[in-house]
Amino acid sequence: MMDFMSVGRTTCLSPVTWQEEWPYFGLPGNLGRSPRTWIKPNVAATTTPSAPYLRSDDFAGPKLQPVWQWNHNPVNNKWELNKKKGSLRLRTLPAKDFLWASNTLTQRVVGPESYATAILDASALKQGDYAGLAYLNIPYASLGILKTKDGFILRFYDQCTDKTIEQKLAVDKINLRATGDYEKDISQFSYSIDGEEFINIGDSVRLPYQAKTFQGSRYALFAYNTTGVEGGYADFEDFKLVEPLADRSKNIPVGKIITLTNLGTDQLVWANPHGMMHSQGKNSSEATGKGVQFKVHDRDKGQVALEALNGTGFLTVVGIGISGDVRLMKEESKGSLFQWQDMLHNQCMLLSLKTNRFIGLTPDSTEPYAADRPGALPNRKDGTVFVWKVLE
């Protein structure tokens, strides 16, 4: 189980090493620390990677997608899939607020970034009905349409700040969107009349991981009555989830020439002419030379070899990986292989396949690099995480 901030705790796969008849998470030489990226086991069956769930839903099928969950046991005669219209119909039941509403349909938010768009037809709402898109969390936040005696109101509410924004609507059908950066625990609500131009409403919403309901944030489609009676119904015609960072095929710059900057020291990785992996400041004369430039050679299954362009050779771990054991060698060997650890946002770690530990150094020191680090600290500034940049 890993903590993914406002996404919540999610289940991950880890290599397991048996030692003295006992299983340990991690690799030999680095037990207790699971690598962020590792090789899929070589099993006899053909196993094609696929997403575990289809998260978007046009509600045209005979049943809901398996990814959905109700917030409570549903009142089954108060919701339906309208096959003729192709919509999820939620009939409003009385509730004192969103957290008490029945028949709220939810699914876990998807990190590190995603945005969900729901199309709401509110034409059948009755006075006091409120329906829309929300984050099921404590505190929660919602955006939707409220039916009043004077017509339709676009209503935004943030429980964290207890802030409400209301504005009159001339239409009864609207696109509602929640755009989340779940590494930063924030999201932004927006709406669109035409489905093309989206307008932000309210400030960014905080999405904490909290122990009251012990869950991560969840997208939620809701409809309830605020006046203590049963009302009309809301039709959700579509729910679409987009994950901008889902395609990670470009996150390993194979075949490219790159520089590596240590996130903890803000210094460039440098192929010392004497044959060791060292550091150089960005304003140094060496910072523009070939010694800070490396070609990334693809060695299959996410494994790479890094060749310094100043002619000193391949980054290679020799010995047991202590300080000074990361050398530049003319001939490539097993010590030259690294499992690239994708940290997103052009950040990475390099896992030595010789030591099963990570390349790194101690910030504020003048020591050369070692291959003895068990992993990174949460702030990523302990000298183990690099920012990579492709040179044009």
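Predicted model: local features only at pLDDT ≥ 70, side-chain atom pairs only at ≥ 80, totals over all residues.

Author: Asn-103 is buried, with a relative accessible area of 1%. The cut-off for a buried residue is under 20% relative accessible area, so Asn-103 falls within that class. Asn-103 lies in the loop between strand 9 (93-94) and strand 10. Its backbone has a positive phi of about 60 degrees, although Asn-103 is not a glycine.

His-345 also has a positive phi without being a glycine, here of about 55 degrees. This residue sits in the loop between strand 28 (338-342) and strand 29 (347-352). His-345 has 40% relative accessibility and counts as partly exposed, whereas Asn-103 is buried.

Two further loops hold cis peptide bonds. Pro-112 belongs to the loop between strand 10 (105-108) and strand 11 (113-121). The other joins Ile-138 and Pro-139, where omega is about 5 degrees. Pro-139 is in the loop that runs between strand 12 (129-136) and strand 13 (141-148).

Another loop residue, Ile-320, is found between strand 26 (313-317) and strand 27 (326-329). Ile-320 is exposed, with a relative accessible area of 68%. The cut-off for exposed is over 50%, so the value for Ile-320 puts it in that class. Not counting residues up to four places away in sequence, Ile-320 touches Asp-325 and Thr-355. Ile-320 and Lys-354 are 34 residues apart in sequence, and their C-alpha atoms are 8.3 Å apart in space.

A charged residue within a strand comes next. Asp-238 has its place in strand 20 (residues 233-242). Asp-238 is buried yet has no salt bridge. The nearest side chain of opposite charge is that of Lys-240, 4.6 Å away.

In general, the strands of a sheet pair through backbone hydrogen bonds, either parallel or antiparallel.

Strand 3 (residues 16-19) pairs with strand 4 (residues 22-27) over four bridges, in the antiparallel sense. Thr-17 has Tyr-24 of strand 4 as its bridge partner, and Gln-19 stands opposite Trp-22 of strand 4. The hairpin of strand 3 and strand 4 has two residues between the strands, and Glu-20 there takes a positive phi near 55 degrees.

On the other pairing of strand 4, two bridges join this strand to strand 5 (residues 30-31), and the two run antiparallel. Leu-27 stands opposite Asn-30 in strand 5. Strand 4 and strand 5 likewise form a hairpin with two residues between them. In that turn, Gly-29 has a positive phi of about 90 degrees.

These parts belong to a chain with zero helices and 32 strands. The C-alpha trace spans about 80 × 50 × 35 Å along its principal axes. Of the 392 residues in the chain, 48% are buried, and Asn-103 is one of the buried residues. Among contacts in the chain with a separation of 6 or more, 58% are between residues 24 or more positions apart. The accessible surface of the chain comes to about 19800 Å², and carbon and sulfur atoms account for 51% of that area. The side chains include 44 positive and 42 negative ones, and the centres of the two sets lie 2 Å apart.

Notes. Residues numbered from 1 in each chain as written. Heavy atoms only, no water. Pairing = 2+ DSSP bridges. Buried < 20%, exposed > 50% of the residue type's maximum accessible area, 1.4 Å probe, protein only. Contact = heavy atoms within 4.5 Å. Areas by Shrake-Rupley, 256 points an atom, 1.4 Å probe, with all protein chains shown as cover. Lys, Arg positive; Asp, Glu negative; His and termini not counted. Charge placed at Lys NZ, Arg CZ, Asp CG, Glu CD. Salt bridge = Lys/Arg side-chain N within 4 Å of Asp/Glu carboxyl O.
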